[in-house]
Amino acid sequence: MTKQILIAEEFDLDYQNFEMIIQENTDFLPLRARSGIEAFHLIMVNYRINCAILNINLPILDGYEASKKIRTIRPHFPIFVVAEQNRIVDKEQLIAIGVNELITTPIDTKQVIRLLKKYVR
């Protein structure tokens, strides 16, 4: 069964960057959510989703809050949060809410592939 990776990105170009990395370097199927609440609902109903990549600035429910909600229903689910490199991010808070990894932009393809291979089995 094909593993599914949920990419929660509001902006098309950002989503397409992740989609291209995943399609060109893995056999995973990228799925899209445009908001944190949509990501949460998709993960709640689709147990074939193996991992989520959430932008920290998602509309309706940001990456922090979406991660918290996802943890309540899937405690061991891999969650990566994406933030701009120059943004001040509270890494301790990310760890406390259960985020597995922080990905900074500009996106490092090798980092994304390494994280997917580490967490998605």
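A: In this predicted model, Ser35 is placed in the loop between strand 2 (29-33) and helix 2, where helices (H or I, at least four residues) and strands (E, at least two) are DSSP runs numbered from the N terminus. Residues are numbered from 1 along each chain as its sequence is written, and side-chain values use heavy atoms, with hydrogens and water left out. Because the model is predicted, local features need pLDDT of at least 70 and side-chain atom pairs count only at pLDDT 80 or more, whereas totals for chains, interfaces and linings use all residues.

With a relative accessible area of 7%, Ser35 is buried (buried means under 20%, exposed over 50% and partly exposed in between, with a 1.4 Å probe and protein chains only). Once its neighbours within four places in sequence are left aside, Ser35 is in contact (heavy atoms within 4.5 Å) with Leu58, Pro59 and Ile60. Between Ser35 and Gln85, by comparison, there are 50 residues in sequence and 21 Å in space, C-alpha to C-alpha.

The structure has four salt bridges, each a side-chain nitrogen of Lys or Arg within 4 Å of a carboxyl oxygen of Asp or Glu. In one of them Asp12 is paired with Arg32, their closest N and O atoms being 2.8 Å apart; Asp12 belongs to helix 1 and Arg32 to strand 2, so this pair ties together parts that are 20 residues apart in sequence. Asp12 is partly exposed, at 41% relative accessibility. Arg34 itself is partly exposed, with a relative accessible area of 44%.

Another salt bridge joins the side chains of Lys118 and Glu101 (3.7 Å, N to O), linking distant parts of the chain, since Lys118 is in helix 5 and Glu101 in strand 5, 17 residues apart. Lys118, at 43% relative accessibility, and Glu101, at 22%, both count as partly exposed. Where salt bridges share partners, they join Asp12, Arg32 and Arg34 into one network.

Lys118 brings the account to helix 5, which spans residues 109-119 and whose buried residues are Gln111, Val112, Ile113, Leu115 and Leu116. These buried residues pack against strand 1 (4-8), helix 1 (12-25), strand 3 (49-55), strand 4 (79-84) and strand 5 (101-105). The structure also holds one aromatic pair, formed by Phe80 and Tyr119 and edge-to-face, at 5.4 Å centre to centre and 65 degrees between the planes; rings of Phe, Tyr and Trp (its six-membered ring) pair if their centres lie within 6.5 Å, with planes under 30 degrees apart counted as stacked, over 60 as edge-to-face and the rest as tilted. As Phe80 lies in strand 4 and Tyr119 in helix 5, the pair ties together parts that are 39 residues apart in sequence. Phe80 is buried, at 0% relative accessibility, whereas Tyr119 is partly exposed, at 22%.

In the loop between strand 5 and helix 5 is Ile107, which is partly exposed at 24% relative accessibility. Not counting residues up to four places away in sequence, Ile107 touches Phe18, Ile21, Val82 and Val112.
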